Amino acid sequence: MAVISAQPYDYLLPTSTGVALVIIDMQRDFLEPGGFGAALGNDVTRLQAIVPTLQRLQAAFRHLHVPVIQTVEGHRPDLSDCPPAKRQRGNAPLKIGDPGPMGRILVLGEPGNSIIPELAPRPEETVVEKPGKGAFYNTNLEFLLKTHNISHLILAGVTTEVCVQTTMREANDRGYECLLVEDATESYFPEFKQATLAMVRAQGGIVGWTATADQVLAGLQTWHAPPQVTVH
Ligand code: TIU
C-alpha cells in the first residue's frame, strides 16, 4: 500500500492491482496556433504552462515502470467517425477535416493531430485514439485496463473541463479510482479548471481525488507495481 496526500482525503494505491498515468490529448491541435483549439476561438498559449510538470510525471512513472497511457482526439480521414453535429458545432471558420497550417484539423495522422514532441510516447507505450471527448467512448481503453488489471488512474492533460473531466467521469462510473493532478491539467478558461477541481472532490470525492504532482510523486516513491501489470 502507498498513500498519496490528496483532496478530499488520502488516495491509497493498491498492492494487488495496477495504476496508470493517463495523459489526455496533449496534442498540437490543442496547444499550438492553427489547430482545433484555436479554430474554436481559444487562446491556446496558456496550456503550455503544464508541459514541464507533465514531463516530470511522465519520467517518474516510466522510471517506476508504471504504465503511461496517452490519448489523442482525432477522426478518420474520411470523417466517418465524426458526427455532423460535432463538425458543425460552433460554426468555426475552420472545421474538423478542413486544411489548416498543421494539416487537416483534428484528423488522425496529420501533423497537428500529433502529441507535442516534449511528451512524445515511446514506441512501446499505449496511445488511445478517441473520436469523442471521453476516452472510453468508442475506444478499447476499458478492455486494455481490464486486461492489465489496472484499477487506479492518475489523470492529467487537457482540457480540464472537457476531455479530462469527461474521461474521469466515464472512468468513475466504471469503478476506477481516479485522481486528477491539479498542476498537470489546464483549461482555456482558468475558472472552469478551478470549478472542475472543486466539483471532482466535493461530496466526499464524488468523482474522485485531486492532488499536486509533488504529492503524487512523493506517494509513488513508496509504491511498487505488481509484477503482472504492464501495458505495451
Ligand atoms: N475545446 C476543448 O476545450 N477541448 C476539446 O475539444 N478537447 C479536449 O479537451 N481534448
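Q: Which residue forms a salt bridge with Glu186 when the closest N and O atoms are 3.7 Å apart?
A: Side chains of opposite charge can pair when their charged atoms come close. In this predicted model, the partner of Glu186 at that distance is Lys193. Salt bridges that share partners then tie Arg46, Glu186 and Lys193 into one network.

Q: Are Glu186 and Lys193 buried or exposed?
A: Both Glu186 and Lys193 are buried. For Glu186, the relative accessible area is 10%, and buried means under 20%, so Glu186 falls in that class.

Q: Where in the chain do Arg46 and Glu186 lie?
A: The side chains of Arg46 and Glu186 meet in a salt bridge of 3.0 Å, taken from N to O. This pair links distant parts of the chain: Arg46 belongs to the loop between H2 and helix H3 (51-63), Glu186 belongs to strand S9 (residues 177-186), and 140 residues separate them. Arg46 is partly exposed, with a relative accessible area of 27%.

Q: How many salt bridges does the structure hold?
A: The structure holds 12 salt bridges. One of them joins the side chains of Glu73 and Lys133, at 2.7 Å from N to O. Here too, distant parts of the chain are linked, as Glu73 is in strand S4 and Lys133 is in the loop between S7 and helix H5 (141-147), 60 residues apart. Glu73 counts as buried at 0% relative accessibility, whereas Lys133 is partly exposed at 28%.

Q: How do strands S4 and S7 run, and how many bridges join them?
A: Strand S4 (residues 68-73) and S7 run parallel, joined by 4 bridges. Within this pairing, Gln70 stands opposite Val127 in S7.

Q: Which side chains of strand S7 are buried?
A: The side chains along S7 (residues 127-130) alternate between two faces.

Q: How much space lies in the largest pocket?
A: The largest pocket holds about 390 Å³ of space. It is lined by 21 residues, of which Phe36, Leu40, Lys86, Lys133 and Val162 are the closest to its centre.

Notes
Residues are numbered from 1 along each chain as its sequence is written. This is a predicted model: local features need pLDDT of at least 70, side-chain atom pairs count only at pLDDT 80 or more; totals for chains, interfaces and linings use all residues. Side-chain values use heavy atoms; hydrogens and water are left out. Buried means under 20% relative accessible area, exposed over 50%, partly exposed in between (1.4 Å probe, protein chains only). Two strands pair if DSSP finds at least two bridges between them. On a 1 Å grid over the protein atoms alone, a cavity is a set of points where a 1.4 Å probe fits but cannot get out, and a pocket is an open set with protein on both sides within 12 Å along at least five of seven lines; lining residues have an atom within 4 Å of a point. Grid points are joined across faces, edges and corners, and a volume is the space filled by probe spheres set on the points. A salt bridge is a side-chain nitrogen of Lys or Arg within 4 Å of a carboxyl oxygen of Asp or Glu.
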